[in-house]
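Okay, thanks for making time, everyone.

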Amino acid sequence: MLEFDDAQTRLANGAPLPTAAVDLPLRDAMGLVLARDLTATLDLPPADNSAMDGYALRHADFRDGARLPIGQVVYAGQAPAPLKPGHAARLFTGSLLPPGADTVVMQEDTREADGHVEILQPPRPGQHVRRRGEDTAAGTPLLPAGTRIGPAQIALLASQGVARIPVHPAVRVGILTTGDELVEPGAPRASHQIYNSNGAMLAALVENMGARAEQVLHAADNEAALKSAFQTLTRECDLVVSIGGVSVGDKDLVKPVLESLGASLDLWRVRMKPGKPVAMAHVEGKPIVCLPGNPVSAFAVFAVLVSPLLRRMQGRRDLFPQVSHLALRTETPRQDSREEFLRVRRIVNAGGVGELHAFEKQGSGVVSSLPWATGLARIPTGRAVYDGEKVAYYDFQHWLS
């Protein structure tokens, strides 16, 4: 069997980096990946302005008990006149600082009467002033290529006046489920059948990562149906993910079908639980990843093995999200001949420290464990892990986004 880390590395490098780029309106780029570095073209803020509602003055004009005449009132969006020596200017948050002013006193530390303002607290030079370019300066790096565009990135780009950006097109993913026992949700179900949760699950996982579930097909357990489905998906998609049919049963036909299409399997069995039967192939240069049929196994394998490959195809900078180490709470020691990925929930204990609690039923068909869990705890092979020991934690919030 292939060790988990080796399988993860091979899968992550199982496709070329993207080269295509398109210019899209900022709003349409949400969830996509920046195709080239962007540089700031504006100083932000573009001029010194006030961080508070208050009064602008020259710090040198402050004296205990002094009352300064209010020479002007400046609203945000207005251009102020130069500040006369010995005067103050009434400002609001975002108001430009009048030329000559260098300090802002917030209104809570003042008293205004008869067109004058009294400063009740000695100000520090330069306080409550947002300096030109202190946020971003023109000519400095703004966002590097490989950045996934989210609300924060859109805010930064919009603040620079950027209307369109170059991004890699969304990766088109084809999903193929197999198994004569499966029927689609909403269809009549006989007693010997179960509903197909894998197709909808994989489509949701793909789209949550910013890719596009281009097609979701289901094929009967025969070579003709499987071959036709694979041909359709490899023709129309950039990546194909199939579920089921990669073990050693009489109806596990994915391997011979792929070989008939000219592919050879790069992976076959991975030393992990759940998810031992995992395979990767290429047809006409396009990667095909074959996942085990049990929903939990498919979910776990997608999270820790397939997601880095998808990030690479998207052009992201970081293929492998962070892995933290937290204490595992378990009543009995955990040990297996394969690396085990437990469905766990991260809970903050009474001392304010995060710890991992395992779902009671860890069977690979227990779908109810998935919405309960916040991630996977990695139990190393070959030794027992006892209550309170720290283990690697793969948080779904990072690994599935």
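Before I start: when I say two strands pair, I mean that DSSP finds at least two bridges between them. And keep in mind that this is a predicted model.

Let's go to β21, residues 277-283. On one side there's β19, residues 267-269, which pairs with β21 in the antiparallel sense over two bridges. If you want a spot to look at, Arg269 has Pro277 of β21 as its bridge partner. Then there's β22, residues 286-291, antiparallel to β21 again, this time over five bridges. Here you can find Met280 standing opposite Val289 in β22. β21 and β22 make a hairpin with two residues between them, and Glu284 in that turn has a positive phi of about 55°.

So how enclosed is β21 by the rest of the structure? Largely, because five of its seven residues are buried.

Now another piece: an open sheet of three strands, ordered β1-β13-β2, with antiparallel pairing. β1 (22-25) and β2 (33-34) are the edge strands, each pairing on one side only. β1 is joined to β13, residues 164-168, by four bridges, and Val22 sits opposite Val167 in β13.

Notes:
Residues numbered from 1 in each chain as written. Predicted model: local features only at pLDDT ≥ 70, side-chain atom pairs only at ≥ 80, totals over all residues. Heavy atoms only, no water. Buried < 20%, exposed > 50% of the residue type's maximum accessible area, 1.4 Å probe, protein only.
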